[in-house]
Each structure stands twice: as structure tokens, then as C-alpha cells.
Amino acid sequence: MSVSAFLCAYHEERRIGPAVEQLLPHMERILVLLSERPWNGEPEADPDRTAWLLEKYYPTVEIVRGAWTTETEQRNEGVERLQTADRVFMADADEYYTRAGLQTILNTPAVFGCVVRQETYWKTPEYRYEPP
């Protein structure tokens, strides 16, 4: 069974490496949907190095650039591009999974999703909130 993933990203140069590395051993194909602007339509922030880092360190990862106006548009693009995969894993570039959590996701025969424990952080993993 082939499992492919896509990550939605916008200005994620600090987080894109760990986000991709956690998926590389498990995915047949990885796309990064790199948005040129935030979904809220605000003016584009200063350019960052997300695309450069992907091209330099993760040459097998495919970059899809776009200017999606909503999260739904960006996610639908990923689903459309990976429609030949048996299963599609969807995440944001600032989401990290433990090995156990990722294995739970990959081993669950769910069509629409499964539940894993989540830790929420603010800006960096050093500032995280762990729900009870």
C-alpha cells in the first residue's frame, strides 16, 4: 500500500526540516504546498528560505507553489495531486508527530482520520502546552 503525504506551508523555514524528516522514512512521495501568501490575504511577508532549504536538503520532496486564499483550497490541491496514492497523509508544516503517534496514524485503517495525542506549542517546541 502506498502512502504519500503533503504538508501545507507558509514561511516555515524554522520548522520545515523536522516536519519533512519525520515523514521521509514512511512516505512514498512527499509534497510541500508552499503558499506565496497567508490565507487571510494580508500582504506577503518578507521572503524566507523554506523553498531553498527543501531544494538543498530534501531534493526528493516536491514543491508546489501557489497563492491559495483558503486552507481548504490548499488542502484540496494536495489531495488532487496525490489522488493515485492508496492513502494520503495531510499535515501542516508546523505539526510534529512522535514515532508512536505516526505509527498509529499509518497503521489505522481509517478513511477519514484517527486520534493521536497532541501537544500544542507557541512559536517553538520549547514553549509547549501538554493537555491533560
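This is a predicted model: local features need pLDDT of at least 70, side-chain atom pairs count only at pLDDT 80 or more; totals for chains, interfaces and linings use all residues.

The entries below go from the sheet to its strands and then to the helices.

Entry 1: I began with the strand order and found four strands forming an open sheet, arranged 3-2-1-4, with parallel pairing. The edges are strand 3 (62-66) and strand 4, each of which pairs on one side only. From one strand to the next, the twist averages 20°. I also jotted down that strands of a sheet pair through backbone hydrogen bonds.

**Entry 2: strand 1 and its neighbours.** How many bridges join strand 1 to strand 4? I found six, and the two strands run parallel. I then followed the chain from strand 1 through helix 1 (residues 16-21) to strand 2, a β-α-β crossover that is right-handed.

**Entry 3: is strand 1 buried or exposed?** Seven of the seven residues of strand 1 are buried, so the strand is largely enclosed by the rest of the structure. My cut-off for buried was under 20% relative accessible area. In a regular strand the side chains alternate between the two faces of the sheet. I checked the directions here: V3, A5, L7 and A9 point one way, while S4, F6 and C8 point the other way, and all are buried.

**Entry 4: helix 3.** Which residues of helix 3 (residues 71-81) are buried? I listed Q74, R75 and G78. Their arc around the axis is only 95°, which puts them on the same side of helix 3. T72 and E80, on the other side of the helix, are exposed. Next I asked what the buried residues of helix 3 pack against, and got strand 1 (3-9), strand 2 (29-35) and strand 4 (87-92).

**Entry 5: helix 2.** I finished with helix 2 (residues 50-57), which lies across strand 2 and strand 3 and runs at about 160° to strand 3. For helix 3, I noted that the helix packs on the sheet, touching strand 1, strand 2, strand 3 and strand 4, and that its direction makes about 150° with that of strand 2.

Key: Residues are numbered from 1 along each chain as its sequence is written. Side-chain values use heavy atoms; hydrogens and water are left out. Buried means under 20% relative accessible area, exposed over 50%, partly exposed in between (1.4 Å probe, protein chains only). The arc is that of the directions from the helix axis to the C-beta atoms. Contact means heavy atoms within 4.5 Å. Two strands pair if DSSP finds at least two bridges between them. Axes are lines fitted to C-alpha atoms, for helices over the stretch in contact, and angles run from 0 to 180 degrees between N-to-C directions. A crossover is right-handed if, with the strands pointing away from the viewer, the path from the first strand over the helix to the second runs clockwise.
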